[in-house]
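Work through the exercises below with the sequence and the 3D structure in view. Each task is followed by its solution in steps.

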Amino acid sequence: MAYSSLLSLSFCFLVLFHGCFARIELVTNRVQSQSEQQQQSQQNQCQLQNLNALKPQHQFKSEAGVTEFWDQNEQQFQCAGVAFFRHRIQSNGLLLPSFNNAPQLVYVVEGQGIQGAVFPGCPETFQAQSQSQQSKRGQSFRDQHQKIRQIKKGDVLALPTGVAHWIYNNGQSQLVLVSLVDVSNNDNQLDQNFRKFFLAGNPQEGLVTGGQRQSSDQNPEQESENEGNNVLSGFDEKLLAEVFNIDTRLARKLQNENDERGAIVKVERELQFRTPEEIEEEQTQQGGEEEEEDEEEQEQGSEEEEEEERGGRRKKHVKGSRKGQKGKRRSRNGLEETFCTMRLKHMTDSSFPDVFNPRAGRITTVNNFNFPVLVALQLSAERGVLYKNAIFAPHWNMNAHSIVYVTNGSARIQIVSENGEAVFDDEVEEGQVITVPQNFVVVKKAGREGFEWIAFKTNSNAKTAELAGHTSVFRAIPVEVLANSFRISREEANRLKQNWRDVSLLAPGRGSQQ
């Protein structure tokens, strides 16, 4: 009897465990299936048979500028996992404070301005005395804020995910900025749609969704109820008043009711800031005056010591700490490259290119070695200039996609896929964008007016390999291997290796064959 009960109990446990294992296997298979489907979907997005040079598809006008978005649904952007847009800010225009759901790289195409980025928890290291506001007692109002940066044509700006930022055009001409947002970055835990969260204003719906329109199922009555598109507009006004310790009237103003100025607004009076450059210039001038005073005091001190020695009195005059104090006064805001003071601007100065050919052009690379913040963003950039009819040798990006924006001139670009098909063979011109997928081979030949571009790359240390030129892959392969691979003679293979002495940038009609 006991044996029979034990057998029945064992059978029950066997059935129970079998059912549990079956459910676990079912769930595991389902998760694996979803993961494979997602991976397959991403792979399908990068099966590019044809590429096109793209122009912006969505335009949003504001009071003091225009914002233009390229279509995020384009297959080449889906493959690279990026969004692309451009701001045109008029003189005295202010791009309202906002933050993104993914890291962003900005290139200043034209003009100059001032940019600010806010790191939560970091101190307000800049103090300025306002000239436009006076208190009731007649004393000037002192303002404190975090570091601001003077920007100009050729600068690359880095904006980490979730960092609030703003830009002001203090120049006489328009300020043109092109931006790439890496929506596939690990920092973006939402879907792969670009989202911009405005802290102020009432920007158009398309501006907060990266140029994408929301579902048309939303009825007009619901749209009219939402009178603001900034993050404060969704909160209860009484709660806002309590949080900021203000009255409800001011709380309603923070929600920007009936504000039709858009995302770029015209400031009433020219904004006045003390930039780091101005402060350093003042400190340099003060330092020069202090050095003269130090020299005079040292001369006086030495005379006093001589007199004291003659009189039999030896008194030690301590004056050595002045230089240290002067050095502290001239120092910058905190330690360089810390979280609160990390450098967010890099100048692509044409005086110091990474590759230069006086007959062909120049290339400047911005990566995590010369711009450390890019380690966190996992992005980099390349600024290039080709002279008339010069060629950027055929090459491929080994570990990144490259999104190329034409800043000036024109060029013929050819892009070849893994199966030897030219997925793009056309002329590109100023204002167009073309994506070069990872490992696709690309060649650029400048037009009659030359060719200039900025390329954003989806790796903080993007690497390239070239097919022609002094550092080409073919040059590093033995002659016998080349001869047998292409079924050519050893002399022809040697010519293939040695024909060019130029590196990367090839001058028109200036091969080295003799």
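A residue is called buried under 20% relative accessible area, exposed over 50%, and partly exposed in between, with a 1.4 Å probe and protein chains only. The model is predicted, so local features need pLDDT of at least 70 and side-chain atom pairs count only at pLDDT 80 or more, while totals for chains, interfaces and linings use all residues. Residues are numbered from 1 along each chain as its sequence is written, and side-chain values use heavy atoms, with hydrogens and water left out.

**Exercise 1. Describe the surroundings of H165.**

Step 1. Find the element: H165 belongs to strand β11, residues 164-168. Helices (H or I, at least four residues) and strands (E, at least two) are DSSP runs, numbered from the N terminus.

Step 2. Is H165 buried or exposed? Its relative accessible area is 3%, so H165 is buried.

Step 3. List contacts, meaning heavy atoms within 4.5 Å. Beyond its neighbours within four places in sequence, H165 is in contact with residues including L96, P97, F99, Q115, L159 and K196. The side chain of H165 also reaches the backbone oxygen of V163 at 3.1 Å.

**Exercise 2. Locate the largest nonpolar core.**

Step 1. Set the rule: a nonpolar core is a set of buried Ala, Val, Leu, Ile, Met, Phe, Trp, Tyr and Cys residues joined through side-chain atoms within 4.5 Å.

Step 2. Apply the rule. The largest core has 44 residues, and F77, F84, L105, V178, I403, Y405 and F456 have the most contacts inside it. Elements that each supply at least two of its residues include α2 (75-80), β3 (83-89), β20 (402-416) and β23 (441-457).

Step 3. Look at one member. Not counting residues up to four places away in sequence, F77 touches L54, W70, D71, Q72, V82, F84, I403, V433 and T435. Apart from this core lies another, of 27 residues, among them V355, A360, I363 and V404.

**Exercise 3. Which residues of helix α10 are buried?**

Step 1. In α10 (residues 479-486), the buried residues are V479, L482 and A483.

Step 2. These residues lie on the same side of α10, because they cover an arc of only 100 degrees around the axis; the arc is that of the directions from the helix axis to the C-beta atoms. In general, an α-helix has 3.6 residues a turn, so residues three or four places apart point the same way.

Step 3. The buried residues of α10 pack against α11 (490-498), and on the other side of α10, N484 and S485 are exposed.

**Exercise 4. Examine the salt bridges.**

Step 1. A salt bridge is a side-chain nitrogen of Lys or Arg within 4 Å of a carboxyl oxygen of Asp or Glu. How many salt bridges does this rule give? The count comes to 10.

Step 2. Take K55 and E429, whose side chains meet at 3.4 Å, N to O. K55 lies in the loop between α1 (2-45) and β1 (58-62) and E429 in strand β21 (residues 422-429), so the pair ties together parts 374 residues apart in sequence. K55 is partly exposed at 41%, and E429 is partly exposed at 38%.

Step 3. Turn to E382 and K457, with their closest N and O atoms 3.4 Å apart. E382 is in strand β18 (residues 380-386) and K457 in strand β23, 75 residues apart. E382 is buried at 8% relative accessibility, and K457 is buried at 5%.

Conventions. Polar contact = N/O pair within 3.5 Å; in protein donor to acceptor, adjacent residues only side chain to side chain.
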